[in-house]
Amino acid sequence: MRHGVAAAACVLALVLMSPSAQAADVEAGKAKAELCVGCHGENGISQTENIPSLAGQQDQFIQWQLVFFRAGTRKNEAMKPIIDQLNNEDIRNLGAYFASLQPAKSPPDDNPELSKKGAEAAAGRRCASCHLDSYAGTKGVARLVGQRQEYLVKALHDYKSGQRVGGSQAAMTDVAYPLSAEEITALAHYLAHVQ
């Protein structure tokens with residue numbers, strides 16, 4: 001498993017450090033993103049259960065995840081045929097494109113008491129130390145605010161069980177492992193509704 005992560009990290013370093021890395025083409029990314037619309041939604045805002053919204057995600061985070069999928073470190077059968085069509089330039093362009101989009105707005109909080117418990121879990125697990133106080137993420141760290149609630153529940157359970165690998169797996173496993181199912185539900189609710 002570690003070899004796959006190391007290999008993916010090397011590929012990502014090549015993607016980010018190549019001479020054209022500074023010149024990502026947002027329009028080319030938009031054209032290539034047509035492959036993503038069926039699952040991740042128009043303008044990167046998912047309308048599908050357990051599928052994340054990509055709009056407003058951090059550029060490097062998108063690139064990292066695509067490289068992990070391509071390297072086989074992260075596995076998803078639905079992503080495999082898409083990822084097989086992407087080269088390094090496509091990955092750079094998709095990262096720039098999704099980062100350029102307006103993120104999904106957080107819906108009104110329909111359960112403030114659950115959000116309060118989620119905020120306590122977020123503080124206790126120090127989520128803001130990586131995802132920032134706004135939970136908007138930075139560089140290779142995911143944007144959480146406004147993300148689909150059930151997707152956040154799924155992601156936290158996947159980290160807790162060790163099913164999700166790649167990227168910040170060790171840090172996220174340490175965060176998610178001690179969380180109870182109730183805390184995961186509260187944390188996901190809070191993050192999905194932060195204004």
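**Chat about a predicted helical chain**

Biologist: Where does Pro 108 sit?

Modeller: You'll find Pro 108 in the loop between H6 and H7. Helices here are DSSP runs of H or I with at least four residues, strands are runs of E with at least two, and both are numbered from the N terminus.

Biologist: And what kind of model am I looking at?

Modeller: A predicted one, where local features need pLDDT of at least 70 and side-chain atom pairs count only at pLDDT 80 or more, while totals for chains, interfaces and linings use all residues. Numbering runs from 1 along each chain as its sequence is written, and side-chain values use heavy atoms, with hydrogens and water left out.

Biologist: Back to Pro 108, is it buried or exposed?

Modeller: Pro 108 counts as exposed because its relative accessible area is 69%. The cut-offs are under 20% for buried, over 50% for exposed and partly exposed in between, with a 1.4 Å probe and protein chains only.

Biologist: What does Pro 108 touch, then?

Modeller: Skipping residues up to four places away in sequence, Pro 108 touches His 193 and Gln 195; contact means heavy atoms within 4.5 Å. The C-alpha atoms of Pro 108 and Val 194 are 8.7 Å apart, although 86 residues separate them along the chain.

Biologist: How many helices and strands does the protein chain have?

Modeller: Eleven helices and zero strands. Of its 195 residues, 43% count as buried. Among contacts with a separation of 6 or more, 74% are between residues 24 or more positions apart.

Biologist: Which residues touch the most other members in the largest nonpolar core?

Modeller: Tyr 135, Leu 187 and Leu 191, out of 21 residues in that core. A nonpolar core is a set of buried Ala, Val, Leu, Ile, Met, Phe, Trp, Tyr and Cys residues joined through side-chain atoms within 4.5 Å.

Biologist: Which elements give two or more residues to this core?

Modeller: H7 (112-124), H9 (149-161), H10 (169-176) and H11 (181-193). H11 provides the largest share, six residues. Another core lies apart from this one and has 16 residues, including Val 67, Met 79, Leu 86 and Ile 91.

Biologist: What is Leu 191 in contact with?

Modeller: Beyond its neighbours within four places in sequence, Leu 191 contacts Tyr 135, Leu 144, Val 145, Gly 146 and Leu 152.

Biologist: Changing topic: how many salt bridges are there?

Modeller: The whole structure has four, each one a side-chain nitrogen of Lys or Arg within 4 Å of a carboxyl oxygen of Asp or Glu. Lys 32 and Asp 90 form one of them, at 3.7 Å from N to O. Those partners are 58 residues apart, Lys 32 being in H2 (residues 26-32) and Asp 90 in H6 (residues 88-100).

Biologist: Is Asp 90 buried or exposed?

Modeller: Asp 90 is buried, at 12% relative accessible area, whereas Lys 32 is partly exposed, at 23%.

Biologist: What about Lys 80, what does it form a salt bridge with?

Modeller: With Asp 84, where the closest N and O atoms are 3.1 Å apart. Here Lys 80 is partly exposed at 46% relative accessibility, and Asp 84 is exposed at 51%. Glu 150 and Arg 148 also form a salt bridge, at 2.6 Å from N to O.

Biologist: Last one: which ring does the charged end of Lys 160 sit over?

Modeller: The ring of Tyr 177, at 5.3 Å from its centre. That label requires NZ of Lys or CZ of Arg within 6 Å of the ring centre and within 35 degrees of the ring normal.
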